[in-house]
Amino acid sequence: MANERDLIGMRGEAIITLRLTDGESPRFKPTFLGDKWSTIDFVVELDQPRSTATVVPFFFMSVRSTRSGGYTRTHGRLRVQVKEHEIRRLAAYPAPTYIVGVDEARERAFIVSANGENLGGLSSMTTRYPIDQSTREMLWSEVTGYWSRWHSGAMQSQLIDEEWR
Amino acid sequence: MREQEPWYVEHRAESWAIVYLTRRTDLIVTRDAGLDLLVHIDTGEETPRRVFGVQIEASARRDRLLCKDDAVFPDWLEKLASRAQSLSFPLCLFVFIMPGNTCDPYYLWLKEPIVGPEGPRLETNIGDPRVQPLDNAAIGHIVNRINDWYEASRPSATTRAAASANVLR
């Protein structure tokens, strides 16, 4: 039997990339971080016309995949787990952060906010938001809305190149 | 030089290739420095020894990769095949045509595993540019061909094939 961990990793990553980039003109640019970052699996940049962008919106995703976990009987929730300390860490990032559950057998992915609305651990997650066109529209709207309220003046560095013109 | 493809074409093509391959639980897919993907076939041994390579090409426009009769451009095939000359394991080309929201996948052997009367051999494809549709059945066919070639290449099998060929002569 092939190594289950390796199998789920690449397959889950590929399914998420496809679901985020489905559509006529994909607007989400996902980058898989792999083992480089313990809590975050993907950073996703929103593709905007360079001429109009004053800020590059992005968000983080933490991914849980299941090939055999299935769904709960009562509410059809995807059986994936995220521990409380991981939820708290995700909520602590000052950028939009989401948990994505991947049903590898059916090649579907579901997304839910991890921005501090709930801080307990997860033993299953809602399937209310499959990553489809409707959810992508919602995601785009809320991530761009978040970054539209951000202002660059908050950052003032001492690491200045005085000769930079 | 080929006109630049939309940014998502390469990402989606690689993801489609991985999704197709990993629908099978006996295939372990990794990214490789020289090839796009390296695939090990899990036969239950502690260290999987059967391997094949996958090269991926994709375009949003069919006419950039395929000419009429569902064939890759002959000069392009020659270039791809020449890169495969030094390989000692099978190599497949996966071609993804992705106009809009659709995906038409195809495959072609670049280094084809063949088991003939004189035993197993690997043949670099320099003459047949026609692609075949890629689907789950095609992946099964690819894996079966590769498994047959590895089986025939095992030392005892090779000895039997050589002895049989001598008898026929």
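Buried means under 20% relative accessible area, exposed means over 50%, and partly exposed lies in between, with a 1.4 Å probe and protein chains only. By that scale, B:Arg121 counts as partly exposed at 40% relative accessibility. This is a predicted model, in which local features need pLDDT of at least 70 and side-chain atom pairs count only at pLDDT 80 or more, while totals for chains, interfaces and linings use all residues. Residues are numbered from 1 along each chain as its sequence is written, chains are lettered from A and ligands numbered from 1 in the order in which they are written, and side-chain values use heavy atoms, with hydrogens and water left out.

**The sheet of chain A**

- Chain A holds an open sheet of 5 strands in the order E1-E2-E3-E4-E5, with mixed pairing; two strands pair if DSSP finds at least two bridges between them, and helices (H or I, at least four residues) and strands (E, at least two) are DSSP runs numbered from the N terminus.
- Strand E1 (28-32) and strand E5 (108-113) of chain A are the edge strands, each pairing on one side only.
- Neighbouring strands of this sheet are turned by 30° against each other on average, direction ignored, where axes are lines fitted to C-alpha atoms, for helices over the stretch in contact, and angles run from 0 to 180 degrees between N-to-C directions.
- Strand E2 (residues 42-46) of chain A pairs with E3(A) in the antiparallel sense over 4 bridges, and A:Val43 stands opposite A:Phe60 in E3(A).
- Strand E3 (residues 58-66) of chain A runs parallel to strand E4 (residues 97-103) of chain A, with 7 bridges joining them; A:Met61 stands opposite A:Tyr98 in E4(A), and A:Val63 has A:Val100 as its bridge partner in E4(A).
- E4(A) and E5(A) run antiparallel and are joined by 6 bridges, with A:Val102 standing opposite A:Ala109 in E5(A).
- These two strands, E4(A) and E5(A), form a hairpin with 4 residues between them, and A:Glu107 in the turn has a positive phi of about 60°.

**Burial within the sheet**

- E4(A) is largely enclosed by the rest of the structure, because 7 of its 7 residues are buried.
- Both faces of E4(A) are covered, with A:Thr97, A:Ile99, A:Gly101 and A:Asp103 buried on one side and A:Tyr98, A:Val100 and A:Val102 buried on the other.
- E3(A) is mostly covered, since 7 of its 9 residues are buried.
- A:Thr66, found in strand E3 of chain A, is buried with a relative accessible area of 8% and stands opposite A:Asp103 in E4(A).
- Leaving out residues up to four places away in sequence, the residues that A:Thr66 touches include A:Leu78, A:Val80 and A:Val102, contact meaning heavy atoms within 4.5 Å.

**The interface of chains A and B**

- In this interface, 21 residues of chain A are in contact with 20 residues of chain B.
- The two chains bury about 2,000 Å² between them, 59% of it on carbon and sulfur atoms; buried area is the accessible area (1.4 Å probe) that two parts lose on being put together, summed over both.
- On the side of chain A, A:Met10, A:Arg11 and A:Leu18 lose the most area to chain B, together 28% of what that side buries.
- Across this interface the rule finds 3 salt bridges, a salt bridge being a side-chain nitrogen of Lys or Arg within 4 Å of a carboxyl oxygen of Asp or Glu.
- The side chains of A:Asp22 and B:Arg12 meet in a salt bridge at 3.1 Å, N to O.
- Helix H1 (4-20) and E1 of chain A are the elements that give two or more residues to the side of chain A that touches chain B, and the largest share of that side, 8 residues, comes from H1(A).

**Salt bridges in chain B and beyond**

- Over all chains, the structure holds 21 salt bridges.
- B:Arg50 forms a salt bridge with B:Glu151, the closest N and O atoms being 2.5 Å apart; B:Arg50 lies in strand E3 (residues 50-59) of chain B and B:Glu151 in helix H3 of chain B, so the pair ties together parts that are 101 residues apart in sequence.
- B:Arg50 counts as buried at 12% relative accessibility, whereas B:Glu151 counts as partly exposed at 35%.
- The side chains of B:Arg121 and B:Glu123 meet in a salt bridge at 3.1 Å, N to O.
- Salt bridges that share partners join A:Arg11, A:Glu104, A:Glu107 and B:Arg23 into one network.
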